[in-house]
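Here is a short briefing for a first look at this structure. Start with the view below, then take the topics in turn.

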Amino acid sequence: MKMPSLALGERLSIWLAAQTFAGLGLVSMVVYLFAAADLDARQTESLQHKRELVEHVLAEAHSDRDLPTLLHKLDDFFLGHRDMVLTLLKPDGSSLYDNASRPGSTSRFKKIAFAYPYWESAGGALSARMALDTAADDQFLHRLAIALMSASMIGALLVSAGSFVLVRLGLRPVRSLVAQTKELAAQNLHRQLDGSQQPRELQPLVQQFNALLDRLSRAYEQLEGFNADVAHELRTPLATLMTGIEVAMRQPGLPESTLDLLGSNLEELRRMAGIVNDMLFLSHASSGAVARREPVESLAALAQDVSDYHEAAIAEAGLQLRIQGDAAGDFDAPLLKRALSNLLGNATRYAKAGSVIQIDIAAASHGGVSLSVCNEGPAISSDHLPRLFDRFYRADPSRAQASVNHGLGLSIVDAIARMHGGEPFASSANGATRIGLTLSTGPHNSRGG
């Protein structure tokens, strides 16, 4: 399973945190080693200094031959140096002086040993062993190590957080570009990305993208113009053919088979004429046409007019119709009737027999009006939902009834929604499919029903 890639801000934060921790850790290690080396040198120097003082006391005792005075001087000397331990052994191995008061291991002691002539034994020498208690220095090094490690980790976290904030601030122009590109659609390809606030590194990208938009806009305009021209040129010959067939069918004495053939051809020509008219409407809508708004006091009454037109088809399919809610506003009533007729016809084709088709009219989240048709029936895959409003798109060719429906009905719903400043929507779950459109309203307010 492929793991999701980290965002640029997260990646940079992690790398900077790792590098900061490594750098601070290296500096902390150098500081710790220098501190340990300095303490070791100080301990060695202290032991050497104390050795010189002990040798001086032993020299005085050697000249005075006064052992009790020697022991008293050593006690006085070590009274202020409790971290020092001295052991003096006679040539025969017996103890002359020992101020060790801490039994057990001396693993925290730094030691030094030396010999000094013993005046009570000819040719003999005292064996001296001095030790410095390093427990305090070891504790200091331990605390220093914890402090340096904590500082490294806290520094890495601070740098990581700071870099994450800086990266987010630095990527704000990129997010602005993303927001601008989200607003682009086939109807507004002429718009340009605003690169005035972009950093110098992104200026070439913005320029290239705007140049691409220009090429796409020209290509789209040429395509729409071609569609409109072709559709317009087809209207006259189609009308001529249909008129000719209608005249021919009125001729007396034609065989029944010929009449059936002519009738079938006339039906196909009318279907083709419907496609041409729909293509002309879509081209007109794509060129920026807007709805001609007039006051509509009741969308529920408008929906009732459309449902009356579909009453026979609904009854034949064994369905029932229900209208819920109402709203008022400034709309293009003929266009809304056309959109609602397409939605109702689509729902009638695919609704489960014996079920209820419901037309819902409600306030939309953005302050407009939502007009939708819901039917029970086979669910539409989530892969197909975003493309339902594409021209000639059929989610399931086996259900598309291509001989009756030519695949432009929902595209026209899309166009009418955008001509009213809204957008289409579709959902399908739990055996219910809802397809509709949102509309921006005029001075009238929506009202519940």
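Helix H1 (residues 8–64) gives the nonpolar patch its largest share, three residues. This is a predicted model, in which local features need pLDDT of at least 70, side-chain atom pairs count only at pLDDT 80 or more, and totals for chains, interfaces and linings use all residues. Residues are numbered from 1 along each chain as its sequence is written, and side-chain values use heavy atoms, with hydrogens and water left out.

- The patch on the surface consists of Leu 8, Leu 12, Leu 16 and Val 159, with about 280 Å² of accessible area together.
- Patch residues have over 30% relative accessible area and no salt bridge; like charges are joined within 9 Å, nonpolar side chains (Val, Leu, Ile, Met, Phe, Trp, Tyr) within 5 Å.
- A salt bridge is a side-chain nitrogen of Lys or Arg within 4 Å of a carboxyl oxygen of Asp or Glu.
- Accessible areas come from the Shrake-Rupley method with a 1.4 Å probe; for residues, only the protein chains shown count as cover.
- Leu 16 lies in H1. Leu 16 is partly exposed, at 34% relative accessible area. Buried means under 20%, exposed over 50%, partly exposed in between (1.4 Å probe, protein chains only).
- An α-helix has 3.6 residues a turn, so residues three or four places apart point the same way.
- H1 has 57 residues and should span 84 Å at 1.5 Å a residue; its end C-alpha atoms are 83 Å apart, which agrees. The expected span is 1.5 Å times one less than the number of residues.
- Just after H1, Arg 65 has a positive phi of about 55°.

**The sheet**

- Helices (H or I, at least four residues) and strands (E, at least two) are DSSP runs, numbered from the N terminus.
- Five strands make an open, mixed sheet, ordered S6-S8-S9-S11-S10.
- Strands S6 (320–324) and S10 (424–429) are at the edges, each with a single partner strand, so one side of each has no neighbour in the sheet.
- Two strands pair if DSSP finds at least two bridges between them.

**Around strand S9**

- S9 (residues 369–376) pairs with S11 (residues 432–439) in the antiparallel sense over eight bridges.
- S8 (residues 356–363) and S9 also run antiparallel, joined by six bridges.
- Cys 374 stands opposite Arg 434 in S11. Cys 374 in S9 is also the bridge partner of Gln 358.
- Seven of the eight residues of S9 are buried.
- The hairpin of S8 and S9 has five residues between the strands, and Gly 367 there takes a positive phi near 105°.
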